[in-house]
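Here is a short report on side-chain packing. It covers the core and the aromatic rings.

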Amino acid sequence: MVTQKYLKNLGFWGVVSAAVVMVPISASAATSSADTTINATVNSVISLSASATKSFSLTPAGSGVVTSVSDAVSVDTNSSSGYTLTLQNKDTNTNMVSNGNNIASTTGTTAAPIALTNGTWGYAVAGGAFSPSYTAETNNQTSTTKWAGVPASGGTAAVLKTSATTATADTTTVWYAARVGLSQPTGTYTDTVTYTATSN
């Protein structure tokens, strides 16, 4: 900076240079922030596998015979709440049918299964109201195992199992049996059931 000043001792005006120090002015910066939550939703998936066909044969004798067979139903699901496995008939006719002849569904229920009588069939899962355990029977004349009728399509399905966690190849053994007497007509008697696994 240049300053004009009177130089008294010298008796005239002169120009004197003076240094001026510049001090920077400090200003605080303005800021703003916001949070974003990232959500990744993993949807539940479920799959079920069972035998396409289960077959058994009966040879009537004495006061009647029982033959049974098991089916392995396997479920996979990533549902952290688990799944529910149910069973019902594929249609409203719960009889096993052969050329107009029938093996009727037993009147036993899931809550109150009963021993089969001649000319009836049913399903079972071990434990609960059913027998504590099941093994394959072949023309057993003294069977006391308990069975329930498969509910008709459109009605309330039978609950076979409820799981509370994810599942990998979680298998439920479902048994089927029929009892026939000497008067039962020959033939291959058929009915179809449907398993359904639903994530909880």
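## Contacts of Leu-160

Leu-160 touches Leu-85, Thr-86, Leu-87, Tyr-123, Val-125, Val-174 and Tyr-195, leaving aside residues up to four places away in sequence. Contact means heavy atoms within 4.5 Å.

This is a predicted model: local features need pLDDT of at least 70, side-chain atom pairs count only at pLDDT 80 or more, and totals for chains, interfaces and linings use all residues. Residues are numbered from 1 along each chain as its sequence is written, and side-chain values use heavy atoms, without hydrogens and water.

## The nonpolar core

The largest nonpolar core has 32 residues. Leu-85, Tyr-123, Leu-160, Val-174, Tyr-176 and Tyr-195 touch the most other members. Strands 4 (65-77), 5 (83-89), 8 (120-124), 9 (158-162), 10 (167-180) and 11 (193-199) each supply at least two residues of this core. Strand 10 gives the most, with seven residues.

Such a core is a set of buried Ala, Val, Leu, Ile, Met, Phe, Trp, Tyr and Cys residues joined through side-chain atoms within 4.5 Å. Buried means under 20% relative accessible area (1.4 Å probe, protein chains only). Strands are DSSP runs (E, at least two residues), numbered from the N terminus.

## Aromatic pairs

The whole structure holds four aromatic pairs (ring centres of Phe, Tyr and Trp, its six-membered ring, within 6.5 Å; planes under 30 degrees apart are stacked, over 60 edge-to-face, the rest tilted). Tyr-123 and Phe-130 have ring centres 5.6 Å apart and planes at 55°, so the pair is tilted. Tyr-134 and Trp-175 have centres 6.3 Å apart and planes at 25°, so this pair is stacked.

Notes
Buried means under 20% relative accessible area, exposed over 50%, partly exposed in between (1.4 Å probe, protein chains only). Helices (H or I, at least four residues) and strands (E, at least two) are DSSP runs, numbered from the N terminus.
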